[in-house]
Amino acid sequence: MEERHLGRSGLLVSRLGLGTMTWGQDTEPDEAAAQLTAFVDAGGTLVDTADVYSEGASERILGHLLRDVVDRDSIVLATKAAIRPDGRYDGSRRHLLTALDASLDRLDVDYVDLWQLHVYDPSTPLEETLSAVDEAVASGRARYAGVSNYAGWQLAKAAAWQSAWPGRAPVVSVQAEYSLLRRDIERELLPAALDAGVGVLPCSPLGRGVLTGKYRTGIPAGSRAAAPHFSEFVQPYLDEECARIVESVVTAAEGLGVSPVDVALAWVRDRPGVAAPIVGARTSAQLAQVLRSDKLTLPQEIRDALDDVSDMSAPHP
């Protein structure tokens, strides 16, 4: 699998990342082990988790696998902090550094390669939040720093603050939802990332699973939309506008002799500023399909057509 620099940093990551949000909830440890092994065997390196995923179970499972299944040094390990167990945002220095130490303990590692601020906390001064990032990197507990779920102005402010004084840890990445069904980051966040040299890590690049085409005729049993804890997550992308985009993806896939997954991932993977889409799979079969998408580069005419049909700011018949 091809590697890319994360923003203007020297950190190389595989151009597809493995997400672990469902590990410990919908994905059992044995299935997680099979996925991680297949991902690494395919040349994947970037593995993304967070301290709140499955109440810490995701990090614990990943830590076990890094001890017993794959070589820790083969992984670019990324985690996040800034959300308390009760769901409140907390960007205080006290919470962040305590959360980082707890993550390292669950992961059973001395450091993470990428430590991300999971959300922007408006109740804590940004300079305090970023001082915790500086401490994490200076102490060796994190090698690089990023943010997640930031607005464009929040990213620009954080990146400018970190670059204003020598010795501060630069912001090298921003994680945000981005797909053919969700392009709003192109208005402000993506231009801010490009200007600051920050690499974009799209999450939900398959439109919360809708771009696979499996919801075209209804909600299949066993799908995420059928699960009580995920139905509200998927429902916003089941309207007529999204259905029209999905049909265009399916048409493009049929013309190329590939799957809708291949087309949707190739589109977002090769957008300007994107380093690596983060893809979470419930099963090894789903992940195998995702990994096959790495071989596809979309022809320009198909890319242009998808750009047009997914431009929700433009009128459509």
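This is a predicted model: local features need pLDDT of at least 70, side-chain atom pairs count only at pLDDT 80 or more; totals for chains, interfaces and linings use all residues.
**Exercise 1. Which residues have the most contacts inside the largest nonpolar core, and which residues does L155 touch?**

Step 1: Start with the core itself. The largest nonpolar core has 86 residues, and L36, W115, L155 and L306 have the most contacts inside it.

Step 2: Now zoom in on L155. Leaving out residues up to four places away in sequence, L155 touches V147, Y150, V171, V174, L189, A192, A193 and V198.

Step 3: Look for a separate group. Another core, of twelve residues, lies apart from the largest one, and its members include L46, L201, A276 and I278.

Step 4: In soluble globular proteins, nonpolar side chains tend to be buried together.

**Exercise 2. Which residues of helix 11 are buried, and what covers them?**

Step 1: Find helix 11 at residues 300-309.

Step 2: Pick out its buried residues, which are I302, R303, L306, D307 and V309. You met L306 above, among the residues with the most contacts inside the largest nonpolar core.

Step 3: See what lies over them. The cover includes helix 8 (240-256) and helix 9 (260-269).

**Exercise 3. Where is E55, and is it buried or exposed?**

Step 1: Locate E55 in the loop between strand 4 and helix 2. S54 is found in the loop between strand 4 (46-48) and helix 2 (57-68).

Step 2: Check the relative accessible area. E55 comes out at 74%, so it counts as exposed, the cut-off being over 50%.

Step 3: Check the backbone. Most residues other than glycine have a negative phi. S54, not a glycine, has a positive phi of about 55°, and E55, not a glycine either, has a positive phi of about 55°.

Key:
Residues are numbered from 1 along each chain as its sequence is written. Side-chain values use heavy atoms; hydrogens and water are left out. Buried means under 20% relative accessible area, exposed over 50%, partly exposed in between (1.4 Å probe, protein chains only). Helices (H or I, at least four residues) and strands (E, at least two) are DSSP runs, numbered from the N terminus. Contact means heavy atoms within 4.5 Å. A nonpolar core is a set of buried Ala, Val, Leu, Ile, Met, Phe, Trp, Tyr and Cys residues joined through side-chain atoms within 4.5 Å.
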